[in-house]
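Visitor: I would like to go through the labels on this model one by one. Please set each value against its cut-off.

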Amino acid sequence: MMANNINLNKSTSEDNQQKSNSRARKQKFIWKIYNLTNYRSYHAFKKANFRLNVFFTSLVVIGFLACFMSGQFGAILRGLILALLIVYIMSYSWIMTKSRQLRKDSAYALQEMEFESGRYVSSWQLYDGIYNDSDWISLEIAFGRENSYISDIFKLIRKKGKIYPLPAADIKNLKTMIYNLNRMPEQKWLVYGTITDELAKKFIQNGFDLRLMENKYRTKPSRLDYAVATGNWKNALFKYPKNFSAYAFFVDTQQYLSEVKNEKAAKDKSKIISKS
């Protein structure tokens, strides 16, 4: 009798474990589907957009091959491709809608900050970062703007959207923002972004302390976005950089204050000269 109860309890425990594992697998699958078109950060948006582009490319290739297939199988496949294209259009519209909200949030955050240059930032955007640490709050800097394929093509034709070389005022604004964040004693801030090695050298020359981060924090621009940012369509094909890396941006407080002091002295001197 006791042995039967033990076997029954063992069987019940195994069934419960199997049901629990099944629920966990279903939840994991649902979460993956959710993440295909939903995101809370710029990095997650780029990943969602990349997956959608791979999906669209696959549909185009399979659809092209289906055009040469005859019979019932070819007709079914073409119908399936058409249905999946509708799914793609709906997903694309959803992702682009949420990306506009990300840009609005970024613009609002930048407008709330007071920059010493008195200029609005034109070459970089500010988003929530994905660096997870209990002692840090992370912010991701994105150089350039994320656009749709059609928008990128029109900007290339009209020669608009170029941001490189970065304006000196925008570099100064970035340095000022990091300095102001470092002045908050109650919280540590980590500002990072994805740039090429050449651009990293220029930031170092402008007084930034850059520290290389893991590739999982890297958010590379699309080829067309990079071509628009550089104002050269060739950069989308033949000259797209392979050396994008994620860097954390730091500013030496004493050096920054010294630069501000020298700039103020230079302005006061120029005012005196102009008056005389």
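Visitor: Why is arginine 211 called partly exposed?

Guide: This is a predicted model. The relative accessible area of arginine 211 is 46%.

Visitor: What makes the contact of arginine 211 and aspartate 209 a salt bridge?

Guide: Their side chains meet at 3.3 Å, N to O. The cut-off is within 4 Å, from a nitrogen of Lys or Arg to a carboxyl oxygen of Asp or Glu. The pair therefore qualifies. Aspartate 209 has 35% relative accessibility and counts as partly exposed.

Visitor: How many salt bridges does the structure hold?

Guide: Two. Glutamate 259 also pairs with lysine 175, with the closest N and O atoms 3.0 Å apart. That value is within 4 Å, so this is a salt bridge as well. The pair links distant parts of the chain, 84 residues apart. Glutamate 259 sits in helix H8 (residues 253-275), and lysine 175 in helix H5 (residues 168-182).

Visitor: How do you know whether lysine 175 is buried or exposed?

Guide: Its relative accessibility is 7%. Buried means under 20%, so lysine 175 counts as buried. Glutamate 259 has 25%. That falls between 20% and 50%, so glutamate 259 is partly exposed.

Visitor: Which residues lie nearest the centre of the largest pocket?

Guide: Lys46, Phe50, Lys220, Pro221 and Ser222, out of 19 lining residues. The volume is about 490 Å³. Helix H2 (residues 42-66) gives the largest share of the lining, nine residues. By class, the lining has six nonpolar, seven polar and six charged residues.

Note on methods:
Residues are numbered from 1 along each chain as its sequence is written. This is a predicted model: local features need pLDDT of at least 70, side-chain atom pairs count only at pLDDT 80 or more; totals for chains, interfaces and linings use all residues. Side-chain values use heavy atoms; hydrogens and water are left out. Helices (H or I, at least four residues) and strands (E, at least two) are DSSP runs, numbered from the N terminus. Buried means under 20% relative accessible area, exposed over 50%, partly exposed in between (1.4 Å probe, protein chains only). On a 1 Å grid over the protein atoms alone, a cavity is a set of points where a 1.4 Å probe fits but cannot get out, and a pocket is an open set with protein on both sides within 12 Å along at least five of seven lines; lining residues have an atom within 4 Å of a point. Grid points are joined across faces, edges and corners, and a volume is the space filled by probe spheres set on the points. Ala, Val, Leu, Ile, Met, Phe, Trp, Tyr, Cys and Pro count as nonpolar, Asp, Glu, Lys and Arg as charged, and the others, Gly among them, as polar.
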